[in-house]
Amino acid sequence: MSLPYIIAQTRLDSHAPSYMRPAGAPAGGEAVLGWALTIIAVAVTVVIAILLVVAVLRKREDPDSTTKRNASDGTPRVKIVPGLSWIYVGLAITVVILLGAFGATVVSLASSAHAPSRPKITMDITAHQWWWEVRMEDSVPSDAFVTANEIHVPVGVPVEIRVQSQDVIHSFWVPELFGKMDVIPGQINVTWMRADRSGTYRGACAEYCGLQHAHMAFAITAEPQKMYDRWAAAQRATSANSLPPNAALPPNVLHGEAVFVATCSGCHTVRGTNALGRVGPDLTHIASRQTIGAGLIDNTPANLMRWVSDAQAMKPGVLMPRMDLRHDDVAAVVSYLTTLH
């Protein structure tokens with residue numbers, strides 16, 4: 001009873017990522033394959049269970065009581081028990097089912113390994129402990145841009161995904177959109193996806209990668225082409241272009257920018273400023289993101305205060321150290337970060 005219960009719960013819980021609710025390719029083909037193998041496994045289990053029950057309930061004559069002996073030497077005659085030949089029938093059926101399932105699996109996975117048409121968008125994913133760096137490539141190199149943990153794609157457009165790791169082995173996975181792809185240091189693996197429905201799909205690292213493995217999430221938002229174009233254009237802009245002239249900014253925001261550049265620029269980039277660090281996520285448009293800490297908490301001023309003050313207390317083991325800043329300096333930095341749309 002547990003398998004049907006798990007399947008029902010997974011399909012009904014719309015908040016839980018599930019390959020049983022595919023929203024695009026190649027997840028659709030993989031879901032069909034998963035359902036087919038599940039149905040075959042359940043059917044075989046049920047048939048075997050029924051046959052076992054029938055065998056137990058049947059009253060069979062004890063073969064020992066009817067054993068006859070050879071007249072010449074008195075040794076027992078070998079007796080073929082009626083019905084034993086059905087074992088060979090069952091074995092043949094099992095072999096046919098296994099070969100059929102194997103062939104269908106190979107064909108299905110081979111057909112879903114490559115996009116049916118040339119992908120129009122390419123994204124390079126670099127995994128870090130414990131966040132995702134995303135570089136959206138463009139035919140015009142200067143139009144490529146970098147973001148983190150939150151990705152937008154247009155609906156119905158194939159996207160090529162190239163993954164690599166900066167440290168340990170990870171696995172890049174969005175159950176509703178595509179299967180797991182290992183992310184290995186020193187190696188670039190390639191997969192693809194196409195979202196057929198608008199929505200936001202949660203992804204996660206599917207390979208244990210250390211203390212905060214469970215908090216290494218990301219999100220892919222699929223939206224109409226025009227909305228994607230607006231998002232991409234906004235992401236390409238530097239912070240200086242997305243903000244009013246500095247002279248018009250409140251003093252606490254200007255102070256926050258100065259504190260940020262003085263204390264955070266070694267690790268983070270904010271394009272348009274002197275912050276050019278590459279150790280942590282690019283924060284040029286952090287205010288446009290829904291979460292911080294790779295899906296750990298909602299992106300609110302209060303949570304930013306907690307994160308900037310002491311990220312170790314919220315996500316032990318991350319590279320970002322506890323910041324030795326005065327409370328008003330942290331508040332100023334948060335005020336500055338909330339302007340980076």
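This is a predicted model: local features need pLDDT of at least 70, side-chain atom pairs count only at pLDDT 80 or more; totals for chains, interfaces and linings use all residues.
Me: How many helices and strands does the chain have?
Reply: The chain runs to 341 residues, and buried residues make up 38% of them. Its accessible surface comes to about 19300 Å², with 63% of that belonging to carbon and sulfur atoms. The secondary structure of the chain amounts to 9 helices and 13 strands.

Me: Which strands stand at the edges of the open sheet formed by 6 strands?
Reply: The sheet is open, its pairing is mixed, and its strands follow the order 1-9-6-2-3-4.

Me: Which residue in strand 3 stands opposite Ala127?
Reply: Strands of a sheet pair through backbone hydrogen bonds, in either a parallel or an antiparallel sense. Strand 2 (residues 121–128) and strand 3 (residues 131–136) take the antiparallel sense, pairing over 6 bridges. Within strand 3, the residue that stands opposite Ala127 is Trp132.

Me: Which residue in strand 8 stands opposite Phe172?
Reply: Strand 7 (residues 170–174) and strand 8 (residues 178–183) run antiparallel and are joined by 4 bridges. These two strands form a hairpin, with 3 residues between them. Opposite Phe172, the residue found in strand 8 is Met181.

Me: Is Arg271 buried or exposed?
Reply: Arg271 lies in the loop between helix 6 (251–263) and strand 12 (291–292). The cut-off for the buried class is under 20% relative accessible area. Because the relative accessibility of Arg271 is 18%, this residue counts as buried.

Me: Which backbone oxygen does the side chain of Arg271 reach at 2.9 Å?
Reply: The side chain of Arg271 reaches the backbone oxygen of Arg236 at 3.5 Å, a value that still meets the limit of within 3.5 Å for a polar contact. At 2.9 Å, the backbone oxygen reached by the side chain of Arg271 is that of Gln235.

Me: How many Å apart in space are Arg271 and Thr238, C-alpha to C-alpha?
Reply: Among the contacts in the chain with a separation of 6 or more, 61% are accounted for by residues 24 or more positions apart. Arg271 and Thr238 are 33 residues apart in sequence. In space, their C-alpha to C-alpha distance is 4.9 Å.

Conventions: Residues are numbered from 1 along each chain as its sequence is written. Side-chain values use heavy atoms; hydrogens and water are left out. Buried means under 20% relative accessible area, exposed over 50%, partly exposed in between (1.4 Å probe, protein chains only). A polar contact is a pair of N or O atoms within 3.5 Å; within protein, one must be able to donate a hydrogen and the other to accept it, and residues adjacent in sequence count only if both atoms are side-chain atoms. Two strands pair if DSSP finds at least two bridges between them. Contact means heavy atoms within 4.5 Å. Accessible areas come from the Shrake-Rupley method with a 1.4 Å probe; for residues, only the protein chains shown count as cover.
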